[in-house]
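Visitor: I would like to learn how to read salt bridges, sheets and cores in a model. Please take me through them one at a time.

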Amino acid sequence: MEIETVPSESKPESNPLPPKPKFEPLKAHEMSDGRVQFRKVSVPPHRYSPLKKYWMDIYTPVYEQMKIDIRMNLKARKVELKTRQDTPDISNLQKCADFVQAFMLGFDVPDAIALLRLDELYVESFEIKDVKTLRGEHLSRAIGRLSGKGGKTKFAIENSTKTRIVIADTKIHLLGSFANIKIARDSLCSLILGSPAGKVYSKLRQVSARLAERF
């Protein structure tokens with residue numbers, strides 16, 4: 001028995017999909033519809049002289065590396081920052097504002113500049129009265145306990161927790177990562193509440209060992 005084969009009709013080829021469109025990434029000034037964004041940082045009176053002295057150290061990384069315009073408004077007594085056409089990332093503006101603000105709080109330029117380079121760094125501030133209400137001699141002694149003889153206690157906390165601490169009268173400013181700030185803040189609070197420095201050192205030694213194991 002013979003089987004007759006019928007040639008199958010070839011189906012017409014379906015139209016190929018159009019090529020995917022290629023969109024160039026938006027630039028910083030295009031994200032905000034071409035609007036220039038500003039930040040202003042107030043300059044306290046006691047930071048005028050340091051700002052004048054270290055102006056070029058602040059200006060160079062902000063203008064050349066972060067591509068943000070910066071100027072000192074003498075009339076308003078503020079440092080003004082704004083985005084440029086060639087600013088690579090819109091978040092650079094806030095980073096620069098945080099960097100300048102950290103300098104105004106009393107941090108050194110080499111320490112504050114880390115805010116431009118690392119994303120996970122923060123500045124946290126609190127007052128002694130937030131921990132315990134102290135007055136007169138008791139307040140003076142608490143500030144003395146925080147610093148230690150020749151700043152020994154402060155440096156010990158800074159080195160073991162990888163943070164930077166500024167004690168400005170009754171205000172305390174901390175610069176570091178979230179976890180490290182918490183450890184440093186706990187140590188400072190213990191000192192304010194009256195713990196002897198030796199007890200805080202031993203606790204810091206345990207915490208430092210734990211941090212070293214984690215990393």
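Visitor: Is R164 buried, partly exposed or exposed?

Guide: R164 is partly exposed, at 30% relative accessibility. Buried means under 20% relative accessible area, exposed over 50%, and partly exposed in between (1.4 Å probe, protein chains only). This is a predicted model: local features need pLDDT of at least 70, side-chain atom pairs count only at pLDDT 80 or more, and totals for chains, interfaces and linings use all residues. Residues are numbered from 1 along each chain as its sequence is written, and side-chain values use heavy atoms, with hydrogens and water left out.

Visitor: Which side chain meets R164 in a salt bridge?

Guide: Side chains of opposite charge can pair when their charged atoms come close. A salt bridge here is a side-chain nitrogen of Lys or Arg within 4 Å of a carboxyl oxygen of Asp or Glu. The partner of R164 is D111, at 3.4 Å, N to O. D111 sits in helix α5 and R164 in strand β5 (residues 164–168), 53 residues apart. Helices (H or I, at least four residues) and strands (E, at least two) are DSSP runs, numbered from the N terminus. D111 is partly exposed too, at 21% relative accessible area.

Visitor: How many salt bridges does the structure hold?

Guide: It holds 8. One of them joins R84 and D69 (3.9 Å, N to O). R84 lies in the loop between β3 and α4 and D69 in strand β2, so the pair ties together parts 15 residues apart in sequence. R84 is buried, at 16%. D69 is partly exposed, at 22%.

Visitor: In what order do the strands of the open sheet lie?

Guide: Strands of a sheet pair through backbone hydrogen bonds, either parallel or antiparallel. Two strands count as paired if DSSP finds at least two bridges between them. Here 3 strands form an open sheet, β1-β3-β2, with antiparallel pairing. β1 (38–42) and β2 (68–73) are the edge strands, each pairing on one side only. β1 is joined to β3 (residues 78–83) by 5 bridges. Among the bridge partners, F38 goes with K82 of β3.

Visitor: Which residues touch the most other members of the largest nonpolar core?

Guide: A nonpolar core is a set of buried Ala, Val, Leu, Ile, Met, Phe, Trp, Tyr and Cys residues joined through side-chain atoms within 4.5 Å. The largest has 27 residues, and I58, L81, F99, V100 and M104 touch the most other members. Its largest share, 8 residues, comes from α4. A second, separate core of 20 residues includes F126, I157, A184 and V207.
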